Amino acid sequence: MPAAPLLSVRNLAIDFAAETGTVEAVRGISFDLAAGETLAIVGESGSGKSVTGLALTRLLPEPPALYKTGEILLDGTDVLKMKARELRNIRGNRIAYVFQEPSTSLNPVFTIRSQIAEAIRLHRPEVTDVDAEIVKVLDMVGIVNPQQRMRDYPHQLSGGMQQRAMIAMALSCHPDLLIADEPTTALDVTIQAQIIDQLRALKKQLGMSIILITHNFGIISGIAERVAVMFRGKIVEEGETGRVLSQPEHPYTKALIECIPQLGRKRERLATIDHAALEAAL
Amino acid sequence: MLNYILRRLLYSIPVVAGVMLITFLLFNVLQKPEAAAALNLGAKASAQAKQEWIHNRGLDEPMPVQFVKHLGRLATFQFEPSWRTGRDMREVFAKHAGPSLLITLPGFVCGLIAAVGLALYQVFVRNSLLDRSMTLAAVALMSVPAMVYIIFGQAVIALALNYFPAFGFDMQGLGTARFLVLPVLVMVLVNLGHDARLYRAIFLEEVGQDYVRTALAKGVASTRVLGVHVLKNGLIALITLTVAHLPALVMGSLLIENFFGIPGLGNVLFIAIQTSDQPVVLASVYLGSLLYIAGLILTDLLYALADPRIRLS
Amino acid sequence: MPLASLPLAAAGSGFFTSLNDFLNRWWVQDFIVVFGFGLVFVLLRAGSRNERWQRAWERLKRDRTGLIALAVICLYLAIGGLEALQIPSSGGGRRSVLDLVVGGIPSEKTYSAPLANTLLTEIPPKPLNGRHLLGTDALGKDVFVQTLKACRTALIIGGLTSAIYIPLGALLGIIAGYFRRWADDLIQYIYSTLASIPSILLLVAILMILGKGLGTMSFALGITGWVGLCRLIRGETMRQNERAYVAAARALGQSHWRIVTRHLLPNVMHLVLINFVLGFSGIILSEAILSYLSVGSPVGTPSWGSMIDGGRSELSRDPLIWWNLSAATVALFGLVLSLNLLGDSLRRAFDPKRG
């Protein structure tokens, strides 16, 4: 009998109050995530994928965000009905985040050490030697010389190292789920590959679930078992990664995959996506 | 670091020269020497007395000569003695700086704490009715001229309620404190509206930064996010706004000191204005500028020390 | 502290004494009022054709606080305007249009309380010449009327000062931001030096030398007040310089003059407007403080600042005279608060992202 999913999103709809009216950012999406599984959510900017990621621990500022309908079940408990203290309990602890811009996502006036220590002291008060834990987790993400590095300030680290530090901070409390929102978009292409490899290694080592949010189909194979494609707030296609990439069913997925320039293929012009037609067909 | 200090000092020299030029233009060029003599000696003084007065001060020499002498005197802090009391300016400043600081320093510190506290609280409850009301209150506080606070402070609180002395000053150890309470309170009130609004804008800007989202995503409580993460970043921005005024605190507050009878530099200047005592005004303008320029250098230094991005680059 | 009775001499600046005299002629003031209102009207019309201003106006219309503030300001403008329009009256004096409207309130000998029937300290009490809503001041003039008349003083000082500091600050700011290099260095040096002198000290020194008067006060305030606007415009000009449309205009070979007047200037004007509104409130507060320091409005000119200054000694009298000070404070507060609120609303209207 298959185990109950770790995370279960049912019919989630989120609106944003903007100056020109209400924007429907997420329009009724549902998906499940099993323990140890990696799900990639792929879509263009404005598809609602980042909003979905932040919604999972109610991190969206309300207002302007409004959770219209739906439930987010973490091991059966609805996140959207949790009180503030419970929410703080799961953030960083059961569900942790890695964001797109590590240079601005880390606090510039605190050392790496103090920022990771803050998380550990918050969720694992039983730990006596916090520094040892920090060294351990920095080592796990592939940062050399962690004892030195942890006393550095974020600006003293390169982009790739900053992102590794962020991942370390996210892992420091052994979360069940890691949500990585565009973790490689702000980094050089070569570093991108390193970070994805690192994530893959960590996944194997720790057995945690990952939600990988990206607009880049290119990075998901090899790490994500399943992929959900989002367009204008809806999930238009979902399935096993290999199948979706090789035999996409929905026209939007097809168009997205077509857009990836391929070496060696002759073509007159790069493909584009006709959003209006696709929207009408939704 | 030493290099940096030296460079900043070097860049300040042309600015100080500029200030010297402005004082020269005001007191020696725009003002006719006969008028100055009339102010000092009285309108009814004889023409001969006025000429002698002018000659004694070298005001009949050619302008370039006067300017050079002016530069020299200011650079060596040799000021003309007060027209009213005849006392040397250096003695005056030394004697009256203390009482001024007794008011302005606590006023500055208390004002800073109060404004930062209010600003942080407003950010905590941002976009709520409370936030908007507090903003309105701050604007209202700003829209009242300082004298009204002073006048009402004295009339209402001191006279009517008879809690604190309305007037006077006495240096007797801890007893001095009761003379300070009202002036310090008034000083805090006068600046509170303006400062709270300014700091609120700074903290609001910080709250929109990515690192705040990361801290919340870690499960940190919003009180700690504001009180530790936002505050520390905001304070660095605050340095650029507040530290520059620190050295000039010694000049005291014109209005508050005069009104509450505090024998500080502000009061000295106030009387000088009323009695057209030009040497005192000139000395105050020059010294006030020097202190502010020193404050700017101090700001740059503190900022470089406080922000790790600059300190370790 | 007893005030010395030495008058502040217009120490040798003939230009400024004649400026003060010139400004005291009734037809000059009429002209300034009409010119001022006309200028505002023209500027607003030019602004209404600007797309950014149109969008801001739409947003402003939804801001209730801003609209109320605007209405209050218009009220003050109307009162000040009525008072400033002066016509020669029979008997060789001058009366203002406001006098005609409010007219006919006689003056008493000295102080009387609001709505009182007798003078404050006359024994035995004799009936007054008329009813005074807010009492009378030391010279027996009706306080309510004096408060209204002071609107004109505030508007003149604010208007004249703005007429000095805005062109100075905006022009130097654009020049510094657009041409950079030595022009920028020079202008930065000038305003850094000016800004190093604590403004109250500089104002007092200037007024001591040049003498009291509406003209000299506006000059002093203008000469010391342009730095903030200059910095602001310089920054914005430098930002706009980076934008593509300026590069495009340059590539098309447009002259500096055209680029500045047709592209840069319209895009910084909203900053000038906001600075003007907020600056106006600062000018009025400064006038009050300067009057308190006895370097403000000349004696005889009704001004809120001098009323507050007088209030200082009036409050320590017995019986307490509070109406002069209160009327001036409330009137001043009303205008300054409205200007500040309008300035904030304008800021939000032009740039909604900044809460």
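1. Arg309(B) has a relative accessible area of 38% and is therefore partly exposed, a class that lies between buried (under 20% relative accessible area) and exposed (over 50%), as computed with a 1.4 Å probe on protein chains only. Its salt-bridge partner is Asp307(B), with the closest N and O atoms 3.1 Å apart; a salt bridge here is a side-chain nitrogen of Lys or Arg within 4 Å of a carboxyl oxygen of Asp or Glu. Asp307(B), by contrast, counts as buried because its relative accessibility is 4%.

2. A word on the basis of these values: this is a predicted model, in which local features need pLDDT of at least 70 and side-chain atom pairs count only at pLDDT 80 or more, whereas totals for chains, interfaces and linings use all residues. Residues are numbered from 1 along each chain as its sequence is written, chains are lettered from A and ligands numbered from 1 in the order in which they are written, and side-chain values use heavy atoms, with hydrogens and water left out.

3. Chain B is divided into domain 1 (2–75) and domain 2 (98–306), with bounds that come from an automatic or database domain assignment. The centres of domain 1 of chain B and domain 2 of chain B, taken over C-alpha atoms, are 34 Å apart, and their contact (heavy atoms within 4.5 Å) takes 16 residues from domain 1 of chain B and 13 residues from domain 2 of chain B. About 1300 Å² is buried between domain 1 of chain B and domain 2 of chain B, with carbon and sulfur atoms giving 76% of it; buried area is the accessible area (1.4 Å probe) that two parts lose on being put together, summed over both. On the side of domain 1 of chain B, the residues that lose the most area to domain 2 of chain B are Arg8(B), Phe27(B) and Leu74(B), which together make up 36% of what that side buries.

4. Which residue forms a salt bridge with Asp300(B)? Arg8(B) does, with the closest N and O atoms 2.3 Å apart, and the rule finds one salt bridge across the interface of domain 1 of chain B and domain 2 of chain B. On the side of domain 1 of chain B that touches domain 2 of chain B, α1 (2–30) and α4 (63–75) of chain B each supply at least two residues, where helices are DSSP runs (H or I, at least four residues) and strands are runs of E (at least two), numbered from the N terminus. The largest share of that side of domain 1 of chain B, 11 residues, comes from α1(B).

5. Between chains, 48 residues of chain B are in contact with 47 residues of chain C. The area buried between chain B and chain C is about 4100 Å², and carbon and sulfur atoms account for 77% of it. Within chain B, Met147(B), Ile273(B) and Gln274(B) lose the most area to chain C, together 14% of what that side buries. One salt bridge is found by the rule across the interface of chain B and chain C, and Asp344(C) and Arg197(B) meet through their side chains in a salt bridge (2.5 Å, N to O).

6. Asn340(C) lies in helix α13 (residues 323–350) of chain C and is classed as buried because its relative accessibility is 6%. Its contacts, leaving aside neighbours within four places in sequence, are Val139(B), Met142(B), Ser143(B), Leu278(C) and Ser281(C). Chain C as a whole has 13 helices and two strands, and 50% of its 355 residues count as buried.

7. In chain A, Arg200(A) forms a salt bridge with Asp197(A), the closest N and O atoms being 2.6 Å apart. Because they are three residues apart in helix α8 (residues 189–206) of chain A, Arg200(A) and Asp197(A) are separated by about one helical turn. A network of salt bridges links Asp15(A), Glu24(A), Arg27(A) and Lys68(A), and within this group the side chains of Glu24(A) and Arg27(A) meet at 3.8 Å, N to O.

8. Ile273(A) is placed in the loop between α10 (251–259) and α11 (275–281) of chain A, and it counts as buried because its relative accessibility is 14%. Not counting residues up to four places away in sequence, Ile273(A) touches Glu44(A), Tyr252(A), Ala255(A), Leu256(A), Cys259(A) and Leu278(A).
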